[in-house]
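Please keep the sequence and the model in view while reading.

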Amino acid sequence: MIFDPQYRKDNRSARIGMALFRMSQAIKKVTQAESDTLGLSPVQVQALLFAAHTRSDVATVGNFANTIGTTHVTAVKILNGLVRRGLIHKSQKAEDRRVTLLSLTSKGRAVVNKLDNWGHLLEEALQSIPEELLTHFEIGLGSIISTLQKKGHLVVSEPCTGCIHFLPNTGDITAPHYCKMIQKYLTHEASLQECPEHTPSFKV
């Protein structure tokens with residue numbers, strides 16, 4: 001019903017929903033234009049960023065598929081295209097050879113280094129908004145994202161800090177942190193990368 005202007009007139013949720021939909025269209029257009037300059041599609045850029053910023057033991061094909069909201073088969077097709085271009089490397093997980101891990105090749109890292117400004121137009125669009133308004137906007141968006149995540153429509157990857165499974169500074173100097181979910185100690189560098197299994201220890 002959000003597409004019905006008369007319905008939106010008396011329904012704030014519908015107006016905000018339509019605003020978010022229009023934003024999604026703009027985001028699609030912006031990211032497409034920025035990806036075109038690299039000769040990649042937006043979803044290929046997402047795959048490279050996923051491999052770059054996701055903790056190595058959870059940078060799997062399945063988690064990538066869930067992150068972008070697609071099927072395993074479609075994810076494999078996207079990734080295979082990047083493998084053929086020499087940007088992504090696939091390997092079997094030692095603990096479970098049915099699981100495929102993703103990592104960047106040296107060529108892939110070089111491309112990721114050019115992605116620092118990918119999405120910068122979105123950031124620029126927000127910079128003119130007063131800080132107080134941005135604070136409320138961030139809280140509101142956080143609630144929407146949390147609801148969509150709980151309903152299974154969205155996967156939110158974040159670093160270890162703030163996750164219910166994370167126990168900081170419980171190990172030795174080489175691997176000081178512990179993850180209760182995978183029952184392993186983590187290096188500090190690994191704890192700073194994103195994890196698709198991140199579960200906030202606080203409610204948004």
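How many salt bridges does the structure hold? There are two salt bridges, taken here from a predicted model. A search of the whole structure also finds three aromatic pairs, one of which is described below.

**Salt bridges**

- Side chains of opposite charge can pair when their charged atoms come close.
- Arg55 has a relative accessible area of 2%, so Arg55 falls under the 20% limit and counts as buried.
- Another salt bridge joins Asp96 and Arg98, and here the closest N and O atoms are 3.0 Å apart.
- Arg98 is exposed, because its relative accessible area of 75% is over the 50% cut-off.
- Asp96, the partner of Arg98, is partly exposed at a relative accessible area of 23%.

**An aromatic pair**

- Among the three aromatic pairs is that of Phe3 and Phe21, whose ring centres lie 5.1 Å apart.
- The ring planes of Phe3 and Phe21 meet at 80°, which is over 60 degrees, so the pair is edge-to-face.
- This pair links distant parts of the chain, as Phe3 and Phe21 are 18 residues apart.
- Phe3 sits in the segment before helix 1 (5-9), whereas Phe21 belongs to helix 2 (residues 12-36).
- Phe3 is exposed, because its relative accessibility of 53% is over 50%.
- Phe21 has a relative accessible area of 32%, so Phe21 lies between the 20% and 50% limits and is partly exposed.

Technical notes. Residues numbered from 1 in each chain as written. Predicted model: local features only at pLDDT ≥ 70, side-chain atom pairs only at ≥ 80, totals over all residues. Heavy atoms only, no water. Phe/Tyr/Trp six-rings, centres within 6.5 Å; stacked < 30°, edge-to-face > 60°. Helix = DSSP H or I, 4+ residues; strand = E, 2+ residues; numbered from the N terminus. Buried < 20%, exposed > 50% of the residue type's maximum accessible area, 1.4 Å probe, protein only. Salt bridge = Lys/Arg side-chain N within 4 Å of Asp/Glu carboxyl O.
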